[in-house]
Amino acid sequence: MYYTLMKNIHWDEWDRQLDINCKGVMNGIGAVLPGMLKRSKGHIINMSSDAGRRGFAGLAVYSGTKFFVEGLSQGMRCELADSGIRITCIQPGDVKTELGANNTDQQAQSQYDGSSNVKILDPDDIGRAVVYAASQPDHVGVNEILIEPREAPI
């Protein structure tokens, strides 16, 4: 995730976000979907974001990539509903990761990053959401899990 103001034109960060958040998700799906279809069973859990539900200032490109993950997952969920394959999107809010350390647009980060004002999520919080979705019986589709810091709802 890179905080970038559109007016500051950060091509490299934009490309990286597209490569990881869009192409990376499609490549992962392409790697596992044929086997799941053959077995008529499987569960794809995509990591989206609360930014895939609502655009955030300073995160326009990131939000766009996460909207892509949401749309892709929704379409697949409909296409594959009778295949035995489940599709889940985990939608975390702010989480303690190293991602913020990679920002080069300091103006955008200082203007819009409010994660230091609240207790943000730990990676384990997200892990528990993934385990919850993955551990449901085959007939249960957990389509989305929005998980955010209590003090920072969207």
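1. Let's start with the pocket. Helix α1 gives the largest share of the lining of the largest pocket, four residues. Helices here are DSSP runs (H or I, at least four residues), numbered from the N terminus. This is a predicted model, in which local features need pLDDT of at least 70 and side-chain atom pairs count only at pLDDT 80 or more, while totals for chains, interfaces and linings use all residues. Residues are numbered from 1 along each chain as its sequence is written, and side-chain values use heavy atoms, leaving out hydrogens and water.

2. The largest pocket has a volume of about 880 Å³. A pocket is an open set of points on a 1 Å grid over the protein atoms alone, with protein on both sides within 12 Å along at least five of seven lines; lining residues have an atom within 4 Å of a point. Of the 39 lining residues, M1, Y62, G93, D94 and V95 are the closest to the centre. The elements giving two or more residues to this lining are α1 and α2.

3. What is the lining made of? It divides into 20 nonpolar, 11 polar and eight charged residues. Ala, Val, Leu, Ile, Met, Phe, Trp, Tyr, Cys and Pro count as nonpolar, Asp, Glu, Lys and Arg as charged, and the others, Gly among them, as polar.

4. Now look at the two helices together. The axes of α1 (residues 11-39) and α2 (residues 60-79) come within 9 Å and cross at roughly 15°. That makes α1 roughly parallel to α2, a label for angles under 35 degrees. The contact (heavy atoms within 4.5 Å) includes W14, L18 and I29 of α1 and Y62, F68 and M76 of α2. Its residues divide into 12 nonpolar, three polar and one charged.

5. Finally, find V118 in the loop between α3 (106-112) and α4 (123-134). V118 and D94 are 24 residues apart in sequence and 9.4 Å apart in space, C-alpha to C-alpha. Leaving aside neighbours within four places in sequence, V118 is in contact with P149, E151 and A152.

Key: Axes are lines fitted to C-alpha atoms, for helices over the stretch in contact, and angles run from 0 to 180 degrees between N-to-C directions. Angles under 35 degrees count as roughly parallel, over 145 as roughly antiparallel, 65 to 115 as roughly perpendicular and the rest as oblique. On a 1 Å grid over the protein atoms alone, a cavity is a set of points where a 1.4 Å probe fits but cannot get out, and a pocket is an open set with protein on both sides within 12 Å along at least five of seven lines; lining residues have an atom within 4 Å of a point. Grid points are joined across faces, edges and corners, and a volume is the space filled by probe spheres set on the points.
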